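Open the structure in your viewer and keep the sequence panel beside it.

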Amino acid sequence: DVNDNEPAFQNEPYAKLLQETVPIGTRVLSVRATDADAGTNGAVTYTILSRDFVINSQTGVISTDVVFDFSLRSAYNFTVVATDSGSPTRSRSSR
């Protein structure tokens, strides 16, 4: 199979309300992207562009990586990138 498809996110946009007191490591939400290519070309991994959250690269589960202080900042945004395993890789981002 030729790597001719990008990953596509499901159920966009993603949003979640959090309480200020959640501890580091609290599961926030899970993202999911699929790729129509077969085999390795369709295998998707995830990265997150954020200092406040972490993502499991295989499952897409996003968790907190800081203790939130809403007096300093009331909204947190991040971008998740889904990348396939083809050569060359193809990716798509979601906010």
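Where does Y14 lie? Select Y14: this residue sits in the loop between β1 and β2. Keep in mind throughout that the model is predicted.

**Stop 1: Y14**

Is Y14 buried or exposed? Y14 counts as buried, because its relative accessibility is 19% and the cut-off for buried is under 20%. The Y14 side chain reaches the backbone oxygen of Q10 at 2.4 Å. The Y14 side chain also reaches the backbone nitrogen of R32, at 3.4 Å. Next, show the neighbours beyond four places in sequence. They are F9, L29, S30, V31, R32, S94 and R95.

**Stop 2: S30 and its strand**

Move to S30, one of the residues that Y14 touches. S30 belongs to strand β2, residues 27-30. How exposed is S30? S30 is partly exposed, with a relative accessible area of 35%. Leaving aside residues up to four places away in sequence, S30 touches Y14, T59, G60 and V61.

**Stop 3**

Switch to cartoon and select β2, β5 and β6. Which order do the three strands take? The order is β2-β6-β5, in an open sheet with antiparallel pairing. β2 and β5 (53-55) stand at the edges; each has a single partner strand, so one side of each lacks a neighbour in the sheet. Look along the sheet for the twist, which averages 25° from one strand to the next.

Zoom in on one pair. β2 and strand β6 (residues 61-64) pair in the antiparallel sense over three bridges. Pick L29 and find its bridge partner in β6: that is I62.

**Stop 3: I62 and the core**

Stay on I62 and show its contacts. Not counting residues up to four places away in sequence, I62 touches T26, R27, V28, L29, V31, I48, F53, V54, I55, F78 and V80. I62 is also among the residues with the most contacts inside the largest nonpolar core. How many residues does that core have? It has 17, and F9, V31, Y46 and V80 join I62 as those with the most contacts inside it. β2, β4 (44-49), β5 and β7 (79-84) each supply at least two residues. β4 gives the most, with three. In soluble globular proteins, nonpolar side chains tend to be buried together.

**Stop 4: N3**

Finish at N3, in the segment before β1 (8-9). Is N3 buried or exposed? N3 counts as buried, because its relative accessibility is 12%. What does the N3 side chain reach at 2.8 Å? The answer is the backbone oxygen of P88. The N3 side chain also makes a polar contact with the side chain of D84, at 3.4 Å. Now show everything N3 touches beyond four places in sequence. The list is D37, N41, D84, G86, S87, P88, T89 and R90.

Conventions: Residues numbered from 1 in each chain as written. Predicted model: local features only at pLDDT ≥ 70, side-chain atom pairs only at ≥ 80, totals over all residues. Heavy atoms only, no water. Helix = DSSP H or I, 4+ residues; strand = E, 2+ residues; numbered from the N terminus. Buried < 20%, exposed > 50% of the residue type's maximum accessible area, 1.4 Å probe, protein only. Polar contact = N/O pair within 3.5 Å; in protein donor to acceptor, adjacent residues only side chain to side chain. Contact = heavy atoms within 4.5 Å. Pairing = 2+ DSSP bridges. Axes fitted to C-alpha atoms, helices over the stretch in contact; angles between N-to-C directions. Core = buried A, V, L, I, M, F, W, Y, C linked by side-chain atoms within 4.5 Å.
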